[in-house]
Amino acid sequence: KDEPPLRFQRDGFYWKQMEKFLTLAAERGEGKWLVGSGDLHSNGDALSALRGPQNLLLDLYDCPDEIHKRLGEMHLVLLDVLDAHFKIIHPKAKGLNTSWLCAAGRGRYATIQNDFCYMIGPAMFDEFFKEDVEKEAVAVDRAIYHLDGPGAIPHAESICASPSLEAIQWVPGPGGPGHPAQSDYMDLLKK
């Protein structure tokens, strides 16, 4: 509770490195390839990375108002980071960009995810994270949600209800022997 507000540190070491790599990739890739924003870990994933998943789980119960406040701050950070990425990427790519999901979009495109949701139920997801998914989707021109694994299925209805998501990308799990295939989830895929 006594921590300073979350903010985008444009002068921070990691952003400076990312800025350098994005600029280099955009300049060298002009007319040859698309540059992606990468995995930006917003909303619950960002707080989980900062606090640790165990601590964030406790925080959801112990200080829900603080979590709502921090999610609001994290959303503003994400908007700044996306703006910075697009300012570097778009001029060299005629307004196109991609992400780690390997889908391309014209304008402001992003992959949204919340892998942390695997550890919480639908009511808690809706209370803390559903609004942020929608706000992130509205903040860009094109948004795809990454629904990761069987533990995320309880949130599928809530995520499917978003009017601002263009698609949902489903990963059934690690794959391979002993793991369900995409075809085992046809009812989910039809949603």
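This is a predicted model: local features need pLDDT of at least 70, side-chain atom pairs count only at pLDDT 80 or more; totals for chains, interfaces and linings use all residues.

Modeller: Residues are numbered from 1 along each chain as its sequence is written, and side-chain values use heavy atoms, with hydrogens and water left out.

Colleague: Are α2 and α3 roughly parallel or roughly perpendicular to each other?

Modeller: The axes of helix α2 (residues 43-51) and helix α3 (residues 53-62) come within 7 Å and cross at roughly 115°. Axes are lines fitted to C-alpha atoms, for helices over the stretch in contact, and angles run from 0 to 180 degrees between N-to-C directions. Angles under 35 degrees count as roughly parallel, over 145 as roughly antiparallel, 65 to 115 as roughly perpendicular and the rest as oblique. The two helices are therefore roughly perpendicular.

Colleague: Is Asp-59 buried or exposed?

Modeller: Asp-59 is found in helix α3 and touches Arg-51, Pro-64 and Ile-67, leaving aside residues up to four places away in sequence. Its relative accessibility is 9%, and buried means under 20% relative accessible area, exposed over 50%, partly exposed in between (1.4 Å probe, protein chains only). Asp-59 therefore counts as buried.

Colleague: How do the axes of α4 and α6 lie, roughly parallel or roughly perpendicular?

Modeller: Helix α4 (residues 64-89) and helix α6 (residues 130-138) have axes that come within 11 Å and cross at roughly 20°. That angle makes α4 and α6 roughly parallel.

Colleague: Which residues of α6 make the contact with α4?

Modeller: On the side of α4, the contact is made by Leu-71, His-75 and Leu-78. On the side of α6, it is made by Asp-132, Lys-135 and Glu-136.

Colleague: What separates the C-alpha atoms of Ile-88 and Lys-20?

Modeller: Ile-88 lies in helix α4 and is buried, with a relative accessible area of 16%. Not counting residues up to four places away in sequence, Ile-88 touches Trp-15, Glu-19, Leu-22, Thr-23 and Ala-26. Ile-88 and Lys-20 are 68 residues apart along the chain, and their C-alpha atoms are separated by 9.8 Å.

Key: Helices (H or I, at least four residues) and strands (E, at least two) are DSSP runs, numbered from the N terminus. Contact means heavy atoms within 4.5 Å.
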